[in-house]
Amino acid sequence: MGVKKLKKKYLDVLELHDWSVSSYTEDGRVELEKYSPAGEDFIMCVNVENFPQAVMEYAEDFDIDEHIAMWIEAKRNGVGGVPETRELVHDAEDIDKMLQELAIALSEAKEKPQIISRDTEYGMFAKQISNGKERLIGRIVGTEALCRKRFEEKVRKREIMRDIDLSTAVVMKRETITYAGEWEVTGSADC
């Protein structure tokens with residue numbers, strides 16, 4: 001019996017989120033890696049069988065404080081290239097976000113027979129208060145759920161511009177990523 005490998009639809013999701021497969025193990029696991037914003041070569045190893053669930057569990061078990069403590073200890077022990085504590089905190093939070101986004105995308109891919117494509121772009125649009133014109137306030141290549149999640153984070157962190165009427169926000173999509181592509185409303189942003 002050969003080494004178990006991931007299904008193509010999961011490989012497509014990994015590629016879409018900039019994760020790569022480092023290797024497969026003899027005991028049925030896969031090693032995934034992605035560079036964090038601070039440059040950490042983050043690696044996780046999960047089971048190939050029930051892959052979306054394995055990634056979801058890994059994401060749920062990821063401990064931001066433990067990750068920060070590990071790197072602070074490594075720095076104390078002379079490991080070079082470890083960023084300052086403040087950057088470690090932000091980076092660990094970003095890693096947690098990367099893991100959560102991947103887990104959500106894989107879960108969606110498991111439920112849907114179609115493959116998530118780089119040819120679908122989702123965006124959030126809302127009206128500007130000053131002139132009443134529609135304005136793109138965020139977009140993402142991937143899934144509607146990921147677009148909504150990022151939008152909610154921006155609202156929660158107050159990163160949305162002040163001149164935006166959030167009650168008019170809608171989710172839109174276009175099938176081909178071109179600047180001249182037509183956007184289609186898929187639903188309210190519910191903010």
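Colleague: Which residues form one aromatic cluster?
Modeller: W19, F42, Y58 and F62. Bear in mind that this is a predicted model.

Colleague: How many aromatic pairs does the structure hold?
Modeller: Four. One of them is Y10 with F51, which is tilted, at 5.7 Å centre to centre and 50° between the planes. Y10 sits in helix α1 and F51 in helix α2, 41 residues apart. Both Y10 and F51 are buried.

Colleague: And why is the pair of F42 and Y58 edge-to-face?
Modeller: Because the planes are at 75°, and over 60 counts as edge-to-face. The ring centres are 6.4 Å apart. This pair links strand β3, with F42, to helix α2, with Y58.

Colleague: Is Y58 buried or partly exposed?
Modeller: Partly exposed, at 26% relative accessibility. F42 is buried, at 3%.

Colleague: Switching to the core. Which residues touch the most other members?
Modeller: W19, M44, F51, V55, L99 and L102, in a largest nonpolar core of 24 residues. Helix α4 gives the most, with eight residues.

Colleague: What is M44 in contact with, leaving aside its neighbours within four places in sequence?
Modeller: Among others, W19, V55, L99 and L102. E31 is in contact with M44 too.

Colleague: New topic: E40. Where does it lie?
Modeller: In the loop between β2 and β3. E40 is buried, yet has no salt bridge.

Colleague: How far away is the nearest side chain of opposite charge?
Modeller: That is K34, 13 Å away.

Colleague: Which side chains make polar contacts with the E40 side chain, then?
Modeller: H67, at 2.8 Å, and W71, at 3.4 Å.

Note on methods: Residues are numbered from 1 along each chain as its sequence is written. This is a predicted model: local features need pLDDT of at least 70, side-chain atom pairs count only at pLDDT 80 or more; totals for chains, interfaces and linings use all residues. Side-chain values use heavy atoms; hydrogens and water are left out. Helices (H or I, at least four residues) and strands (E, at least two) are DSSP runs, numbered from the N terminus. Buried means under 20% relative accessible area, exposed over 50%, partly exposed in between (1.4 Å probe, protein chains only). Lys and Arg count as positive and Asp and Glu as negative; His and the chain ends are not counted. A salt bridge is a side-chain nitrogen of Lys or Arg within 4 Å of a carboxyl oxygen of Asp or Glu. A polar contact is a pair of N or O atoms within 3.5 Å; within protein, one must be able to donate a hydrogen and the other to accept it, and residues adjacent in sequence count only if both atoms are side-chain atoms. A nonpolar core is a set of buried Ala, Val, Leu, Ile, Met, Phe, Trp, Tyr and Cys residues joined through side-chain atoms within 4.5 Å. Contact means heavy atoms within 4.5 Å. Rings of Phe, Tyr and Trp (its six-membered ring) pair if their centres lie within 6.5 Å; planes under 30 degrees apart count as stacked, over 60 as edge-to-face and the rest as tilted.
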